[in-house]
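Have the picture ready and follow along.

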Amino acid sequence: MEFDKIINRKGTGCTKYDGMAECYGREDLMPMWIADMDFEVCSEIYDALRARLDHKIYGYHVPPASYWQSIIDWCGHRHNFHFTREEVTYIPGIVRGIGYAINFFTQKGDKILIQPPVYHPFRQVIEGNERVVVKNHLIDNGTTMVMDLDKLEEIIRTERPKMMILCNPHNPGGIIWDRETLAKVADICYDNHVLVISDEIHGDLELFGNRYTPFATVSEKAAKISIVFGAPSKTFNIPGLVSSWCVIKNPEIRESFFNWLTVNQWNEPTLFLTVATEAAYTKGEAWLGRALAYIEDNIRFAEDFIAKNLPEIRVMRPQASFLLWLDCTNTHLKGKKLCELFINHAHLALNDGEMFGDGGECHMRFNVGCPRKTLEEALQHLVDAFDEEGIHKKQK
Ligand SMILES: Cc1ncc(COP(=O)(O)O)c(C=O)c1O
């Protein structure tokens, strides 16, 4: 099986392995953290890159019309998300895109709303740009996390944020927001003049029959107030190529922002990413289907294994993406102690849930975008650590 292949990534300059020592203080851990997969790209991407590489001249680049069209066609055909060439531009990374939007549309001291626990750079990019974070906490109902829409409305009315950063699907948890929820968010934000940045990087990675809804498609109001960011990066495992894009339907928001990106040349796609993006979107769909099926099997495997061998851990089944959100409350370990168990006893590098903010305490984020054998080994490490540290006993 193509996804069973174990590939040594050490020394390739990849964050997952080569950035481990900086983050965890040691480099002998199994890396189940940062959100890329341990799978080779599909042969269609590789062949296209190889063919361009073999040309041996890598001069100044103008992306072909077919590159833009591949983004438009992919979103239209897979997600019913329709936009024109002028409504889309390139962005050199989604976090950078969010940073640009914050700088362009808000002032220092302005409030920006996020819904923790959430992808930690949202908070960092707001605070780093001297804006103020306003939070609407997600509610964990025991199965998934849901938005508190009444609270959202109340906070928006009282705190008056200028912007909201939506994670759609939501990381951590892999939650696909339904159309009704998104439409309500759009109504609240529209009525209160809040611009919505929708980060949809995990949108293609739909699992178990769930379908993601691009925010801008839920209503006219949503289309008017939204800036949508997406990418083939997670979908096709090419984040190192930096291949994101941005769609804005409303010309009143779009024109000035896109002009600003253009004069600064921040929206100029570079050579190899355009080749990879076009190959992915035009020829990679069959591979994606196989990758998602493999990820679903990995999730089922992890769920069964954990239920049998690590009953202290509650797994939130993701509706999208390859990241498991593990509730470790019943280990009765918190903060540093919980991290120590995973790092120093289980020899695993996972993302500490606390980094995602409120609601992330006693949680760990576990990347299962890896060969089954790697996953089995990592889970066994955890069982051994639980045995050694008497975690099971504490339960009894
Ligand atoms: C929700 C979310 N947004 C953005 C990113 C990173 O995107 P980029 O590398 O394009 O900044 C990630 C990566 O894990 C993510 O989970």
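## Strands, domains and a ligand

Start with valine 88: its bridge partner in β10 is valine 247. Keep in mind that this is a predicted model. The pairing between β2 and strand β10 (residues 244-247) is antiparallel and runs over four bridges. Now look at the side chains of strand β2 (residues 88-91): Val88 and Tyr90 point one way, Thr89 and Ile91 point the other way, and all are buried.

Next comes an open sheet of four strands, in the order β11-β12-β15-β14, with antiparallel pairing. β11 (314-316) and β14 (351-352) are at the edges with a single partner strand each, so one side of each has no neighbour in the sheet. Within this sheet, leucine 323 has asparagine 367 in β15 as its bridge partner.

| Strand pair | Sense | Bridges |
|---|---|---|
| β2 and β10 (residues 244-247) | antiparallel | four bridges |
| β12 (residues 323-327) and β15 (residues 363-367) | antiparallel | five bridges |

Now zoom out. The domain assignment gives domain 1 (2-42 + 285-385) and domain 2 (59-283), and their C-alpha centres lie 25 Å apart. Where they meet, 26 residues of domain 1 are in contact with 32 residues of domain 2. On the domain 1 side, α12 (285-309) and β12 are the elements that give two or more residues, and the largest share, four residues, comes from α12. That side divides into 16 nonpolar, six polar and four charged residues.

And the ligand? It is surrounded by 13 residues, the closest being Ala35, Gly93, Ile94, Val95 and Tyr119. Its shell divides into eight nonpolar, four polar and one charged.

Key:
Residues are numbered from 1 along each chain as its sequence is written. This is a predicted model: local features need pLDDT of at least 70, side-chain atom pairs count only at pLDDT 80 or more; totals for chains, interfaces and linings use all residues. A residue is buried if 20 or more other C-beta atoms lie within 10 Å of its own, exposed if 12 or fewer, and partly exposed in between; C-beta atoms are placed from the backbone. Two strands pair if DSSP finds at least two bridges between them. A residue is near a molecule or strand if its C-beta atom, placed from the backbone, lies within 6 Å of it. Ala, Val, Leu, Ile, Met, Phe, Trp, Tyr, Cys and Pro count as nonpolar, Asp, Glu, Lys and Arg as charged, and the others, Gly among them, as polar. Domain bounds come from an automatic or database domain assignment. Two residues are in contact if their C-beta atoms, placed from the backbone, lie within 7 Å.
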